[in-house]
Amino acid sequence: QVSVEPVDLRSTVQSALESDLSAIVRGLQDPETLNVEVQGDAADVELPGGHVIKLKRESGVWRVEDVE
């Protein structure tokens, strides 16, 4: 059985989150090239790194609903 110290786990999670955020930022640097699928008041934006940003339009304003 392997034991993981809380500090090690926190560092691993932080590193993974930073990597994901960096990939999202890089994907948004050239928005004209992104694939956007709009269905009514919902939209999915596919980023080059494989992430998908889910948007929802509320009172005419697009808001981020989720990031996958």
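Start at Val36, which stands opposite Val45 in β2. This is a predicted model, in which local features need pLDDT of at least 70 and side-chain atom pairs count only at pLDDT 80 or more, while totals for chains, interfaces and linings use all residues. Residues are numbered from 1 along each chain as its sequence is written, and side-chain values use heavy atoms, with hydrogens and water left out.

Strands here are DSSP runs of E with at least two residues, helices are runs of H or I with at least four, and both are numbered from the N terminus. Two strands pair if DSSP finds at least two bridges between them. β1 and β2 make a hairpin with two residues between them, and Gly40 in that turn has a positive phi of about 65°.

On its other pairing, β2 is joined to β3, residues 52–58, by five bridges, again antiparallel. Here Glu46 stands opposite Val52 in β3. This hairpin has five residues between the strands, and Gly50 takes a positive phi near 100°.

Now the two faces of β2. In a regular strand the side chains alternate between the two faces of the sheet. In β2, residues 42–46, Ala43 and Val45 are on the covered face, whereas Ala42, Asp44 and Glu46 are on the uncovered one.

Next, which residue lies in the loop between β2 and β3? His51 does. Is His51 buried or exposed? It is buried, with a relative accessible area of 14%; buried means under 20%, exposed over 50%, and partly exposed in between, using a 1.4 Å probe and protein chains only. Leaving aside neighbours within four places in sequence, His51 is in contact with Asp20, Ala23, Ile24, Val45, Glu46 and Glu68, where contact means heavy atoms within 4.5 Å. With Glu68, the His51 side chain reaches the backbone oxygen at 3.0 Å.

Finally, the whole chain. The protein has one helix and four strands, in the order α-β-β-β-β from the N terminus on. Buried residues make up 16% of its 68 residues. Among contacts between residues at least 6 apart in sequence, 11% join residues at least 24 apart. The accessible surface, from the Shrake-Rupley method with a 1.4 Å probe, comes to about 5500 Å², and 51% of that belongs to carbon and sulfur atoms.

Note on methods:
Polar contact = N/O pair within 3.5 Å; in protein donor to acceptor, adjacent residues only side chain to side chain.
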